Protein chains: 2
Amino acid sequence: MADLTPLLAFRWSPRAFHPTATLTAAEAASLLEAARWAPSAGNSQPWRFALGHRDDETHKRVLVNLPADERRWARHAAALLLGAHLTGEGAGARPAHAAAGDRRPEHAGREAYDLGQAVAHLTVQATALGLYVRQLASFDRAGLAADLELPAGIRPLVVVAVGRLGDPFSLPEELRHRETGLRRRRPVTELLLR
Amino acid sequence: MADLTPLLAFRWSPRAFHPTATLTAAEAASLLEAARWAPSAGNSQPWRFALGHRDDETHKRVLVNLPADERRWARHAAALLLGAHLTGEGAGARPAHAAAGDRRPEHAGREAYDLGQAVAHLTVQATALGLYVRQLASFDRAGLAADLELPAGIRPLVVVAVGRLGDPFSLPEELRHRETGLRRRRPVTELLLR
């Protein structure tokens, strides 16, 4: 395995979050700042976020739209962040330079790609702060858009759980088993087209 | 501005690449390793890459499919990396768990999102190695897919230029002007939905 910078090498996605630890205002600001400075196509910055802290209204509304299995661990996360992106269908929110191009098929996925970069930057910053992140791709998108009263042209794509590491033995047994498994990835040779 | 870890705070996207510096094999391996360990939905790892070093065949084929304006600086990059993702339409290459879900509208953009994470991880690692990255979202996708003989079900989304920093005064004047401008982003308040 090639050498990686510690902020990448030691990152992993836990389910056991510390059930009482909270994010400070400075930590939350730092996470959003990291996302904010990510690069994007034409500097369009198509990412949008909703940040809920444990027990606040946003956290509750995000949590209730997660699958029951995921709620069992995600409810302990200090913060649940919705990651969303512009779709090109909203009025007013798009930068002018991007308005014409974004429904062309070759640009499909570009906003989602840039949101992925922003959340990755946020995750690196979380690691630098001693925080852990686990992302959820499957949740009730329509329910969450309604419960958070998202405006048109904003598409929820990911829920990002953030917090301090908790005790894996606090997890239900079947989740604990996955928590302690080895991280696996395809070999690099399978990723290379040429 | 909230504090950021140096690997994020000092990242920027230059056009002036050193015209003779090359990537070592260890550096190239390290960049791909960073991408490889990014998180993805259900660990599907939908990212694929083609890596060209300056003057090799892949570098040439990527370069020729860039807009003329971008070729003026991108030709100096030590490496040009194509970032592509699975589309769910290819046979065999998809993980079984994702096969059924990926044409559902709520999953649209998920592979692009994960590719964005992988390229962001690669960019953080590049920064850790003293390398710089500039991404290009606009290029001849169909031409590049043909020239690189990409298989069906692989969608090229981004070209990533990587190299050492060059002399900005080597750039044509209108590019140099942009090179030395301040980086700008929307304030965090504009990114928050609630």
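Which residues does Arg61(B) touch, not counting residues up to four places away in sequence? The first legend below answers that. This is a predicted model, in which local features need pLDDT of at least 70, side-chain atom pairs count only at pLDDT 80 or more, and totals for chains, interfaces and linings use all residues. Residues are numbered from 1 along each chain as its sequence is written, chains are lettered from A and ligands numbered from 1 in the order in which they are written, and side-chain values use heavy atoms, with hydrogens and water left out.

**View 1. Arg61(B) and its contacts.** Arg61(B) touches Arg194(A) from the other chain, plus Leu144(B), Asp147(B), Leu148(B) and Glu149(B), leaving aside residues up to four places away in sequence; contact here means heavy atoms within 4.5 Å. The residue sits in helix α3 (residues 57-64) of chain B. Helices (H or I, at least four residues) and strands (E, at least two) are DSSP runs, numbered from the N terminus. With 24% relative accessibility, Arg61(B) counts as partly exposed; the cut-offs are under 20% relative accessible area for buried, over 50% for exposed and partly exposed in between (1.4 Å probe, protein chains only). Between the C-alpha atoms of Arg61(B) and Ala145(B) there are 9.8 Å, although 84 residues separate the pair along the chain.

**View 2. Glu149 in chain A and in chain B.** Glu149(A) isn't a glycine, yet its phi is positive, at about 55°. Look for Glu149(A) in the loop between α7 (141-147) and β4 (154-163) of chain A. Its relative accessible area is 63%, so Glu149(A) is exposed. Over in chain B, Glu149(B) also has a positive phi, near 55°. Glu149(B) lies in the loop between α7 (141-147) and β4 (154-163) of chain B. Glu149(B) counts as exposed because its relative accessibility is 61%.

**View 3. Phe169(B) in its loop.** Here we're in the loop between β4 and α8 (173-179) of chain B. Phe169(B) has 62% relative accessibility, so it counts as exposed. From Phe169(B) to Gly130(B) is 20 Å, C-alpha to C-alpha, with the two 39 residues apart in sequence.

**View 4. Where chain B meets chain A.** The contact draws 73 residues from chain B and 74 from chain A. Trp37(B), Tyr113(B) and Arg194(B) supply 14% of the area that chain B buries against chain A, more than any other three residues. Altogether, about 6,200 Å² is buried between the chains, and carbon and sulfur atoms give 59% of that. Buried area is the accessible area (1.4 Å probe) that two parts lose on being put together, summed over both.

**View 5. Chain A, element by element.** Nine helices and four strands make up the secondary structure of chain A, and they run α-α-β-α-α-β-α-α-β-α-β-α-α along the sequence. The C-alpha trace spans about 50 × 45 × 30 Å along its principal axes. Of the 194 residues in chain A, 55% count as buried. Among contacts between residues at least 6 apart in sequence, 78% join residues at least 24 apart.
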